[in-house]
Amino acid sequence: MKRLLTLLLTLAAGAAILLGFTLPWLVTGWQDRQNQGELLRYEAPQVRLDAEADLFQRLALVSGDPSMVALTTATTRHSQEEAAALVTDTLNTLASYKNLTIFASDRWFLQNLHPFLVTARYDTVQYDSDSNSWTASATSQGRAALIWKAVLATTEGERLTLLVDDDLGLMLSFTYTYSDSASARKDNYVVVDLSQGLADLLAGFCRDYYQLSSAQALAVSNGSWQLLLVNAASEKLTVPLSATAAGDLLFNAQDN
């Protein structure tokens, strides 16, 4: 009887060990099958997308013409008042560079400031205001960010849109729209005359503002530019800089 009991206990222990090795693989395989073609749901008020946000990843995300979903409620690192202050500081930093005084904050009034969930263009994202949650595709791989979209205007009819990263507190993109009514202002015109000089100015702004090792303006086709950014780890990233025939200036943004 003792031999039989010992044998049974030995078999049970072996089965437990075998199950311990195989169960994680079984669970992982089941989760993989569940995630294929399905959506993952996250509660907006608790979302912290990337506590260790990477500047170059965020710049690349924004430059790729991402999807943007307005959030009615979300836990942001910065309050709306703090985000507005970040916008003001960014404008004044831009305006501190010669020929960029058009960006001086006292010229602009804030029309709208709102947090958005930003993801890569082809990631499926939806926001449900009833449940205060957003859904992103299981393949998004964390390519998402909470970003403040600021829309400003001047009495001359100009328009400026900035995207400010909530984690980093830094502007990632701006689009300056040059109105017909503002075209007579000679001090404004230099901003949309996208020359080597202006491209170099904005490269210098990026170097100082993002605290990079270096930044260089590289000419590309059709009068557009690429700003080559290099960080302290010697990583490199290029962001687009372009102007339209209508006089718009776009930094790390798409002409839609």
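Buried means under 20% relative accessible area, exposed means over 50%, and partly exposed lies in between (1.4 Å probe, protein chains only). By that rule tyrosine 209 is buried, with a relative accessible area of 14%. This is a predicted model, so local features need pLDDT of at least 70, side-chain atom pairs count only at pLDDT 80 or more, and totals for chains, interfaces and linings use all residues. Residues are numbered from 1 along each chain as its sequence is written, and side-chain values use heavy atoms, with hydrogens and water left out.

Start with the sheet. Helices (H or I, at least four residues) and strands (E, at least two) are DSSP runs, numbered from the N terminus. Two strands pair if DSSP finds at least two bridges between them. Strands of a sheet pair through backbone hydrogen bonds, either parallel or antiparallel. Here nine strands form an open sheet with antiparallel pairing, in the order β2-β3-β6-β7-β8-β12-β11-β10-β9. The edges are β2 (67–70) and β9 (214–219). Each has a single partner strand, so one side of each is left without a neighbour in the sheet. On average, neighbouring strands of this sheet are turned by 25° against each other, direction ignored. Axes are lines fitted to C-alpha atoms, for helices over the stretch in contact, and angles run from 0 to 180 degrees between N-to-C directions.

Now follow the β9 end. β9 and β10 pair in the antiparallel sense over six bridges. Alanine 215 stands opposite leucine 229 in β10. The hairpin of β9 and β10 has five residues between the strands, and asparagine 222 takes a positive phi near 60° there. Strand β10 (residues 225–230) also pairs with strand β11 (residues 236–243), again antiparallel and over six bridges. Leucine 229 has leucine 237 as its bridge partner in β11. Helix α5 (residues 196–209) packs on the sheet. The helix touches β8 (171–177), β9, β10, β11 and β12 (249–251), where contact means heavy atoms within 4.5 Å. The direction of α5 makes about 155° with that of β9.

Helix α3 comes next. The expected span of a helix is 1.5 Å times one less than its number of residues. The 16 residues of α3 should therefore span 22 Å, and the end C-alpha atoms are 23 Å apart, which agrees. The buried residues of α3 are Ala83, Leu86, Val87, Thr90, Leu91, Leu94 and Ala95. These residues pack against β3, β6, β7, β8 and α5.

Strand β7 holds threonine 161. Threonine 161 counts as buried, at 19% relative accessibility. Leaving out residues up to four places away in sequence, threonine 161 touches Lys149, Ala150, Val151, Ser173, Phe174 and Thr175. Asparagine 112 is 49 residues from threonine 161 in sequence, and 9.5 Å from it in space, C-alpha to C-alpha.

How many salt bridges does a search of the whole structure find? It finds six. A salt bridge is a side-chain nitrogen of Lys or Arg within 4 Å of a carboxyl oxygen of Asp or Glu. One joins aspartate 165 to arginine 58, the closest N and O atoms being 2.5 Å apart. This pair links distant parts of the chain, 107 residues apart: aspartate 165 lies in strand β7 (residues 159–165) and arginine 58 in helix α2 (residues 55–63). Aspartate 165 is buried at 0% relative accessible area, and arginine 58 is buried at 3%. Salt bridges link Arg58, Arg77, Asp165 and Asp167 in a network.

Glutamate 158 forms a salt bridge with arginine 107, with the closest N and O atoms 2.7 Å apart. Glutamate 158 sits in the loop between β6 (144–153) and β7, and arginine 107 in the loop between α3 (80–95) and β3 (109–119). The two are 51 residues apart, and both are buried. Aspartate 208 and arginine 207 form another salt bridge, at 3.4 Å between the closest N and O atoms. Aspartate 208 is partly exposed at 41% relative accessibility, as is arginine 207 at 34%.

Last come the rings. Rings of Phe, Tyr and Trp (its six-membered ring) pair if their centres lie within 6.5 Å; planes under 30 degrees apart count as stacked, over 60 as edge-to-face and the rest as tilted. The whole structure has seven aromatic pairs. Tyrosine 209 and tyrosine 210 form an edge-to-face pair, 5.0 Å centre to centre with 70° between the planes. Tyrosine 210 is buried too, at 6% relative accessibility. Elsewhere, ring pairs link Phe103, Trp108, Phe174, Tyr176 and Phe251 into a cluster.
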